[in-house]
Amino acid sequence: MKDKDKAILLLITSALFYALMSTFVKLSGNIPAIEKSFFRNLVTCFAAYYLIRKNKDSLFGKKENRKFLFGRALLGTIGIVANFYAIEHLILADANMLNQLSPFFVIIFSSIFLRERITKPQLIILLVGFLGSLFIIRPSFNLTIIPSLIGVLSAICAGGSYAFIRYLSNREKNATIVFFFAFFSAVSTFPFMLLNFKSFSFIQLIYLLMAGVTASIALFAITGAYKFAPAKEISIYSYTQVLFTALIGFILFGEIPTKFSIIGYIIVISASISMFVYNNKLSKESIS
């Protein structure tokens, strides 16, 4: 397989398992988002540790890369907690669609941190994508907008996190990037979890652990995907997650997106396709 084909397959695999993770997070009930995040990343931490020890790789990476590993871990942690909060308070498809604004933020953060120039057409497409998000958020001047805004925050943090992954892709091993993030996230959320700890049933524990298992598979898959190809060339395929979550949300929870949300989905996905086509055109022109 070509590297780009591997990246596409890994990204679709990641989308499926992130959809399953979101499902288990929602099934776990009204446990605080911080607590869900801790258990999710604890499982990932053990999985990454096993792979690192097996392959005799570095746990915390090279010294010159640690500030980028820290940036990826910090943004990733905030993004996960925000995403879990949105999943709990919004329908599954809306929460995941807002999180899927992250490819747009990848471009913005890549411009800031990786010095990748944003062209005028890219800027226009970004604005169209954000316009689509407003149909999902449906801005209002009351507290009902908070879960949607937190959903957007999850996308902002995820976008920055993926930009760091792209930078680190040829500098650190996949398992090292994943372990650093999972370890940082578990350690940093542990004190907050204790302050607001809520006991859970056995079945809720199973759901939390399954969220961790599916998230681990998704995380390794997406980290591997960005090693094989640039985000701008493959990020469009992450939108398969919206299809998976919409289907799961309808079957398990009877959730049906509103007509405004569906309009928002169409606008955001259309903008993403336009960005994908435009970026590929730029890549071909730069090669020629």
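Reply: Happy to! Arg-115 follows α5 and has a positive phi, near 60°. Helices here are DSSP runs of H or I with at least four residues, numbered from the N terminus. The model is a predicted one, where local features need pLDDT of at least 70 and side-chain atom pairs count only at pLDDT 80 or more, while totals for chains, interfaces and linings use all residues. Numbering starts from 1 along each chain as its sequence is written, and side-chain values use heavy atoms, leaving out hydrogens and water.

The helix itself, α5, runs over residues 102-113. Its 12 residues reach 16 Å from the first C-alpha to the last, close to the 16 Å expected at 1.5 Å a residue (1.5 Å times one less than the number of residues). Buried means under 20% relative accessible area, exposed over 50%, and partly exposed in between, with a 1.4 Å probe and protein chains only.

Now to the rings. The structure has 14 aromatic pairs (ring centres of Phe, Tyr or the six-membered ring of Trp within 6.5 Å; planes under 30 degrees apart are stacked, over 60 edge-to-face, the rest tilted). One of them joins Phe-38 and Phe-190, a tilted pair with 5.5 Å centre to centre and 45° between the planes. Phe-38 sits in helix α2 (residues 33-55) and Phe-190 in helix α8 (residues 174-195), so this pair links distant parts of the chain, 152 residues apart. Phe-38 counts as buried because its relative accessibility is 10%; Phe-190, at 36%, counts as partly exposed.

Another pair is made by Tyr-49 and Phe-179, with centres 6.2 Å apart and planes at 45°, so it is tilted. Tyr-49 lies in α2 and Phe-179 in α8, so parts that are 130 residues apart in sequence are tied together. Tyr-49 is partly exposed at 35% relative accessibility, whereas Phe-179 is buried at 4%. Phe-38 and Phe-190 also belong to one aromatic cluster with Phe-39, Phe-197 and Phe-200.

Rings also meet charges. The charged end of Arg-171 sits over the ring of Tyr-167, 3.9 Å from its centre, and that of Lys-26 sits over the ring of Phe-253, at 6.0 Å. The test is NZ of Lys or CZ of Arg within 6 Å of the ring centre and within 35 degrees of the ring normal.

Notes:
Helices (H or I, at least four residues) and strands (E, at least two) are DSSP runs, numbered from the N terminus.
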